Amino acid sequence: MTTNEKIAQLRERMKKDHLDAYYVNTADPHQSEYISDYYKERAWLTGFSGSAGYALVTMKEALLWADGRYFIQAEKQITGSEFRLMKMDTPGYPDLISWLQDNLTPGSKLGMCDYMVSQAFYEKLSAALSPCKIHLVADGSLIGDFWQDRPALPKGRLFLHELQFTGKTAAQKIAELRGKMKADRVEAQLLAGLDDIAWLYNYRGNDVEDNPVALAFALITMKEAKLFIDPDKVGPEVKKNLEENGIEVLDYEQVNSAVHELREESIALNKQRINRRLFRTLPEKIRVVDQRDYPALMKACLSEVELKNQMKAYVRDSAVITRFLFWVKREVSKGSHITEWDTVEKLHALRLPLENFIQESFSTIAAYGPNAAMMHYAPSPENSAELKARGFFLCDCGSQFYDGTTDVTRTIALGPLTDEEIHDFTLTLKSHISLARVIFLEGMTGHYIDIIAREPLWREYMDYKCGTGHGVGYVLGVHEGPQRISKAGVGAAVLHEGMVVTNEPGVYKEGKHGIRLENDCVVSFAGERDGDRFLRLETCTLVPLDRSAIDVTLLSDEELEWLNSYHARVEKELLPLMSSEEEQNELKAACAPLKRCAS
């Protein structure tokens, strides 16, 4: 079916259910950011393949909301269909609630899938639309009624995350969680976050591409710990380990009855993660404590064992990325015909032999020239630009290792650059260095330091339409909170020692170029005075920054000192990991100190 034929089918189903509008989000029953193919209803309906966004269909309108990372991509992918792009956080484009309030009449019915929307979203929408007498109908999925070639639910097997990588047994983590429950006077914890459950129970899964998680729910009381999952995914070794740690394995669908039959008087859960259908099964008299799930905060700050392992992963992956970027420059300079897709395959081949390598942490973004202006551009064998000996090449990539997760972006020059390209690269570098050098008071959220990165760009009336940094999980999601660095202040989490966060400002100019420089950082102690403690972002990624794209006259003395110090550290750590004398010489040249020209 074409996109417009899908819209027509949906409208037919809406007529049968007497619905005036239907909402389709990007989610699964766990409100995951990255979802298995089975749940990609919004992508299937709209044709827009980005990882975020939502759609609304009425009898006359078809609207797609996407954020700034995807404006260019979304516009291209919905061209020729009824869908119209609604740009999030952009003047002139109302958000979903405003649009519904202004366009639906009293008595209208808005439909949605009850197991694909969170209870928090449902409550927010209900509160906003009730005064307008717009009724919510949260039931099963209408899309599922006519998505004939829908992918099957994933059936990947679980594997254990061994004690040498976790530092604690699942039983120890559960005991700590129960201690927090006791302190808060709650008797149960209901978990829907796939990353939280995998971390707590010390397993990893294969249900979501590049994310080692499995579709599951967990319920912990003071006496029991339960895992609700497809039993076919739990092999004998994993099941034995779970049982030894006091965890009972039950069928995925049994979570509804288990929650409904709870005899505890109170339960902690996160309405942002619990879907509407599951929430409705809670006993009427149970006291609900709506808060961030305990594991989300417990795992956000890496333990000593986790941090030590993670540092090894950073060095290992940095070395391979550096070798890969040298290869790209070398091949292009020789006149070899290589495409964006060729670079994706080359990087994967270099990573495969690495110690503890599992898989990429997301699909590699390899973008040449104007393609890099699309923040989440992804080449394919069928759609891939050839690299030329001029302009920029951007590569955003990461790995899942048994001992850590990485996320790195580098933009490199493949040949001569324009003055504008050099200027924009240097501004991006200045923004990156500003955040890398920041010292901030303990107790601050990422919202407070976001402006530090944007200031060099704002001075020239430029901005990037995304956050400056996101949290990174430990052998889990490459985008994982609660920590983040962004303009958004609502819901921002305090930055604590041991949290991993990225530093990735950028410049994106449609039709010209995209520039992003991204390092993983860990929040570390910086110093204290008069009872105040201060923190910093310790840079962990060790990949050279392209000296040939830098206008050194735009750098301050402090910025130049940081850059040269960083490159000295990169050379020291990576030189033994280069595979040939040629690569060692390339590394030395890439890390040579930059100096100002004599006046």
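Predicted model: local features only at pLDDT ≥ 70, side-chain atom pairs only at ≥ 80, totals over all residues.
**Aromatic pairs**

The structure contains 14 aromatic pairs. In one of them, tyrosine 23 and tyrosine 54 are tilted, with a centre-to-centre distance of 5.8 Å and an angle of 50° between the planes. This pair connects distant parts of the chain, since tyrosine 23 belongs to strand S1 (residues 21-24) and tyrosine 54 to strand S2 (residues 54-58), 31 residues apart. Tyrosine 23 is buried, at 6% relative accessibility, and tyrosine 54 is buried too, at 17%. Another pair joins tyrosine 38 and tyrosine 39: the ring centres are 4.9 Å apart and the planes meet at 85°, so the arrangement is edge-to-face. Here tyrosine 38 is partly exposed, with a relative accessible area of 21%, because the buried class requires a value under 20%. Tyrosine 39, with a relative accessible area of 5%, is buried.

Tyr23 and Tyr54 also belong to one aromatic cluster, together with Trp65 and Phe121.

| Charged residue | Ring | Distance of charged end from ring centre |
|---|---|---|
| Lysine 87 | Phenylalanine 71 | 5.3 Å |
| Arginine 276 | Tyrosine 122 | 4.0 Å |

In soluble globular proteins, nonpolar side chains tend to be buried together. The largest nonpolar core in this model has 82 residues, and Tyr201, Tyr203 and Ile220 have the most contacts inside it. Helix H8 (residues 194-201) supplies the largest share of this core, namely six residues. When neighbours within four places in sequence are left aside, isoleucine 220 is in contact with a set of residues including Ile174, Leu177, Met181, Leu191, Leu200, Tyr201 and Ala225. Its contacts also include Arg178, Glu187 and Gln189.

**Helix H13**

Helix H13 covers residues 304-333, which is 30 residues. At 1.5 Å a residue, the helix should span 44 Å, and its end C-alpha atoms are 44 Å apart, so the two values agree. H13 is mostly covered, with 21 of its 30 residues buried. Glycine 335 follows the helix and has a positive phi, near 90°.

**Cysteines**

A disulfide is a covalent bond between the sulfur atoms of two cysteines. The model has zero disulfides. For cysteine 540, the closest cysteine sulfur is that of cysteine 521, at 6.4 Å, which is too far for a bond because a disulfide requires the two sulfur atoms to lie within 2.5 Å. Cysteine 540 is buried, at 2% relative accessibility. Cysteine 132, by contrast, is partly exposed, with a relative accessible area of 24%.

**Glutamate 162**

Where in the chain does glutamate 162 lie? The residue is in the loop between strand S7 (159-160) and helix H6 (163-166). At 38% relative accessibility, glutamate 162 is partly exposed.

Conventions. Residues numbered from 1 in each chain as written. Heavy atoms only, no water. Buried < 20%, exposed > 50% of the residue type's maximum accessible area, 1.4 Å probe, protein only. Helix = DSSP H or I, 4+ residues; strand = E, 2+ residues; numbered from the N terminus. Expected span 1.5 Å × (residues − 1). Phe/Tyr/Trp six-rings, centres within 6.5 Å; stacked < 30°, edge-to-face > 60°. Lys NZ or Arg CZ within 6 Å of the ring centre and 35° of its normal. Core = buried A, V, L, I, M, F, W, Y, C linked by side-chain atoms within 4.5 Å. Contact = heavy atoms within 4.5 Å.
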